[in-house]
Amino acid sequence: MSLGSLPPVTTDPASARPGAPDQPVPSLPRTAGRTAERRGDRAFRGLSLSAGLSLLGIILAIAVFLVVKAIPALQDNTASFLTDRVWDPNNAQPAFGIVALAFGTVLSSVLALLMALPVALGVALFISHVAPRRLAGVLGYVIDLLAAVPSVVYGLWGIFFLNDKVVVASAFLHEHAGWFPLFGGDDIFGRSIFLASIVLAIMILPIIASLSREVFLQVPVSQQEAALALGATRWEMIRTAVLPFGKPGVIGATMLGLGRALGETIAVAIVLSPAFVVSLDILSTNSGNTIAANVALGFAEASSTGRGALIASGLVLFAITLVVNVIARAIIYRRREFAGAL
Amino acid sequence: MTSSAQTSRASRVLVAVSCVAVLAACGTDEQRPFDQASDGQPAGQIACADGSLTAAGSSAQKNAMDEWVRAYQSACKASTINYQPSGSGAGIEQFVAGTVAFAGTDSSLKDQEVVGATARCKGAPALNLPMVIGPVALAYNLPGVPELVLDAPTIAKVFSGVVTTWDDPAIAALNPQAKLPSSRIQPFVRSDESGTTDNLQKYLKAAAPAQWTFGTGKKFAGPGNQSAPKSDGVTQAVKTTPNAISYVEVSFAENAGLDVARIATGASAPVELTTESAAEAVESATVKGSGNDLALELDYATKDEGAYPIVLVTYEIACQSGNDPASLPLVKSFLAYTASEAGQDQLEGAGYAPLPSSLRKKVEASVQSLS
């Protein structure tokens, strides 16, 4: 987030949007009113430091809690937690493994991302660069509204409305494109990973679209005007000026969306017919399960070992999310010359 | 769930007998159509105790508890009872931790749970008190087939993917009159962990050991079924999916207007699911607990005439002695009410069957012995 290292792009204040990242922050005069500012600075520094530290403290507390609660169950486990595809932790001989759950979680989230990202970028570009101002305002409002819909509503809509449509679509895909690895498998459709992915895609669409729109709005007008002045069409201008500038921001938005998809609980629990399998046949009923949905469905009736097992699965989800975020950070760091948007 | 006033189908099977006399009596839960002597004011018989108590556990008896708490509190204004349907496992855990006065559970205490429960009761045994009988219906969606008979081996085959079409010889042999379609069976099971699932699997294991080799437990163990969360989830799935079949608490099936299969148990005729047939199965159960502990051993493979074999019995878990003195009077008073004839009759129409009277009297005696 090194604002100071950004090249000073524009000199025309009329074209600058407030808060645009390409505006160098004027450095504060360091000599004037030293003592008076010192006190205020110190207070602010202390407050912001404690805010930052509390965040670390919360993360640490969650991690410690998960580990402490998971250890007894993991010790009782008669199967291999990391490699087995069973989930029977309430048995007298508890046996549970995370593979199927972790696979289903990542698969459904990645599919959701693949479905949501192109649409979200299209929506964001439409609002920021194509739509008339008034329509853009309405659309932006609708997008923010979609982001605020509770997930249980998406889940109920998914099972009552979408499932029937997905069954029809799945049958079609299976019949005409069954050779494609994802579309094979059993010919009972619905309540599948495919349905869960679509619901997740719809849920993360507004997050990605909303954040991307903000990033695209911050592209320096001078660069866009320069591209147009060189004879670029509007699409060429978006391709050469808007998208490269917005890339880190879009990646950040995507990771936020992926985080929500990975952790989504109740919507998946409602629409999915879970199975403890590692399968790419996303169209079939019983094509997988996710960590968060499994916790939601198993927690109430779990024994103490069962609860520990569910918490252990939560620890894995925590780790997956962490890895995803680290990867995202790494990508953004490599392109830190554009990183102002984050 | 709704009161019996809205459930005309529930009335048809479950409370058919009681509703014949006066239909209006079934609309108001306070009425007891059987026993004219105490009709009208069952709440008046409650020996009230004051104070407040918290209990937690099985969600299968949530509706029963709601009925009872409402009736008890309207009769005993100075009492507050809070039942949290957090699940059997969570309820027992809270009971052991001492945060609830009694727990509700779908199955009697297991060996590993007894240790903690005894510690909570300061060395005295924790009692399993059977309180609620919830029959499990095999509900199906098969247009044109309003009557269906199944037996345990066939059910086991359907829910393990061995029998896949409705006109399979195994089903046809049990239903010579029915016009069975050749369509594929869509069996639905619970995707969450549930006492209902546990019960069905215990039944299948006992009554069809050769066909059901997948074990028991609250998670459905058979292969390859579609699933949906909670009773309302599977009910909705069956209702919206032609050729579907599932197992749900009877009130859900009745409320959704689903057809319910009769069970061929080996008795002279297939058994229809009614309050009487469900109570009959519990009547033939043996008490495996000792003393005041009334843990039951249900005979799922029963061939008794008119005994419907797939029933869920939920228990209240309370300490024989060593209860918290502050809440003891209210616990005793409330459980005495739920075990009373008035309390049991209160549940009719809510999808439960009353305890058979011999067992009910034993439960009442056990409740009186709490200290």
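**Notebook: aromatic rings in chain B and beyond**

I started with one aromatic cluster, made up of Phe159(B), Trp212(B), Phe214(B), Phe220(B) and Tyr247(B). I noted that this is a predicted model, where local features need pLDDT of at least 70, side-chain atom pairs count only at pLDDT 80 or more, and totals for chains, interfaces and linings use all residues. Residues are numbered from 1 along each chain as its sequence is written, chains are lettered from A in the order in which they are written, and side-chain values use heavy atoms, with hydrogens and water left out.

My pairing rule: rings of Phe, Tyr and Trp (its six-membered ring) pair if their centres lie within 6.5 Å, with planes under 30 degrees apart counted as stacked, over 60 as edge-to-face and the rest as tilted. I got 15 aromatic pairs over all chains. Phe159(B) and Phe220(B) make a tilted pair, with centres 6.0 Å apart and 50 degrees between the planes. I found these two residues 61 apart, Phe159(B) in the loop between helix H7 and helix H8, and Phe220(B) in the loop between helix H9 and strand S7 of chain B.

Next I asked what kind of pair Phe159(B) and Tyr247(B) form. Their planes stand at 70 degrees with the centres 6.0 Å apart, so the pair is edge-to-face. Tyr247(B) lies in strand S8 of chain B, so this pair ties together parts that are 88 residues apart in sequence. (Helices, H or I of at least four residues, and strands, E of at least two, are DSSP runs numbered from the N terminus.)

Both Phe159(B) and Tyr247(B) are buried, meaning under 20% relative accessible area with a 1.4 Å probe, protein chains only.

Conventions. Buried means under 20% relative accessible area, exposed over 50%, partly exposed in between (1.4 Å probe, protein chains only).
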